[in-house]
Amino acid sequence: MNGILMWIMAAGAVLGGVDRLLGNRLGYGKKFEEGFMFLGPIALSMAGMICLSPVLANLLGKIIVPLYQAIGADPAMFGSILAIDMGGYQLAEQLAADARIGSYAGIVVAAIFGCTVVFTIPVGMGMIPKEDRRHFARGIMYGLVTMPAGLIVGGLIAGLSFAECLRQNLPVFFLALLLLAGLWKIPEKMIRGFCLFADGIRAVITAGLVLAAVEYLCGFNPVKGMAPLSEAMEVVVSIGIVMLGSLPVAELVQRLLKKPFTRLGKLLGMKTESMTALLIGSVSVIPAISMYPDMDEKGKVVNAAFLVSAASLLAGHMGFVMGTDPGMLGALFGGKLSGAAAALLLSLCLCRTGRR
């Protein structure tokens, strides 16, 4: 499967590169360029945390390892509270007692739960008009309720047993319940809390990048044990290469599915913009959220639920896994798609029946 996907990404890179040479007549050349331009944002969001992850693992290990072992979970699961491409993968790998759990926590769980906590909720609540936040929060709650489906399917594909999936995800399920309760009872305070948490993560990542850059340039770093910046940039570049092909391919998939999705939207009672946002959200969260003012109420709820599991699957997350741990690609796809499908079904059913 991985070899086939690599050939598909290579074909996407060829498609985008040829279109760029021909003057970007079809729009695929622009996507090819965007893939390369993503190197900067990817480096800013990842490199500092990659460099800091050995230090954080050493510091947190003294507290996290005994705590997680006491409840029968691998300490790697702590890393899943961060997004896969914001340090979640590296932290999970560093804390892991079992390499299988490290890969599972850092890829499948971090791409679903971590991405939702650190990125989708803070960004969404910051961008969406105030009057639409209740629809977004309602959809996020539906997505969190169905999230276990994706975590379990992804775990089974990764080689874990059903019992292992349940046991390892106990801390995640507990945190998800707290999020559900907070979004239901005190949504405004939760919004502020998520934004502060995201700002804190960005501050840590930036500090790590500064320290690593100083060490690279001057050979001096007051924080011992950090990974060199050159190693972090190797990861970033490998992801960027995949993005050269994945973005043109994602654009092609969107165009092929646009008409069927429009017809499906009419059957489901959703506007074309709402259906299009589902496709866009599987590529990138921000453009999908920016379409909120054009969606119908049902579409706003459904899209938020869908994003919990499906966010950035066809671009950032797929590119990250293909560049770091290609063997986990099936688990990533299985987990995110099954969670997204469950979220779609639940949100469509509850919105149809008018339940709140």
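These notebook entries record what I looked up in a predicted model of one protein chain.

**Entry 1. Overall form**

I began with the secondary structure and counted 15 helices and zero strands in the protein chain. I then looked up the extent of the C-alpha trace, which spans about 60 × 55 × 40 Å along its principal axes. The radius of gyration is 20 Å, which agrees with the value near 21 Å that a compact globule of 356 residues would have.

**Entry 2. Burial, contacts and surface**

I next asked what share of the 356 residues is buried. Buried residues make up 54% of the chain. For the contacts with a separation of 6 or more, I noted that 73% join residues 24 or more positions apart. The accessible surface comes to about 15,400 Å², and carbon and sulfur atoms account for 69% of that surface.

**Entry 3. Helix α4**

I turned to helix α4, which is formed by residues 84-95. How many of its 12 residues are buried? I found nine, so the helix is mostly covered, a residue being counted as buried under 20% relative accessible area. Among the buried residues of α4 are I84, M86, Y89, L91 and L95; G87, G88, Q90 and A92 are also on that list. I then looked up what the buried residues of α4 pack against, and recorded four helices: α3 (39-70), α5 (99-127), α9 (187-218) and α14 (313-324).

**Entry 4. A nonpolar surface patch**

Helix α10 (residues 229-268) supplies the largest share of the patch, with four residues. I examined L252, which lies in helix α10. L252 counts as partly exposed because its relative accessibility is 33%, between the limits of 20% and 50%.

**Entry 5. Two residues with positive phi**

I finally looked at backbone angles, bearing in mind that most residues other than glycine have a negative phi. N24 has a positive phi, near 55 degrees, and is not a glycine. I placed N24 in the loop between α1 (2-21) and α2 (28-37).

S312, likewise not a glycine, has a positive phi of about 60 degrees. I found S312 in the loop between α13 (297-310) and α14.

Notes: Residues are numbered from 1 along each chain as its sequence is written. This is a predicted model: local features need pLDDT of at least 70, side-chain atom pairs count only at pLDDT 80 or more; totals for chains, interfaces and linings use all residues. Side-chain values use heavy atoms; hydrogens and water are left out. Buried means under 20% relative accessible area, exposed over 50%, partly exposed in between (1.4 Å probe, protein chains only). Contact means heavy atoms within 4.5 Å. The radius of gyration is taken over C-alpha atoms; the globule rule is 2.2 Å times the number of residues to the power 0.38. Accessible areas come from the Shrake-Rupley method with a 1.4 Å probe; for residues, only the protein chains shown count as cover.
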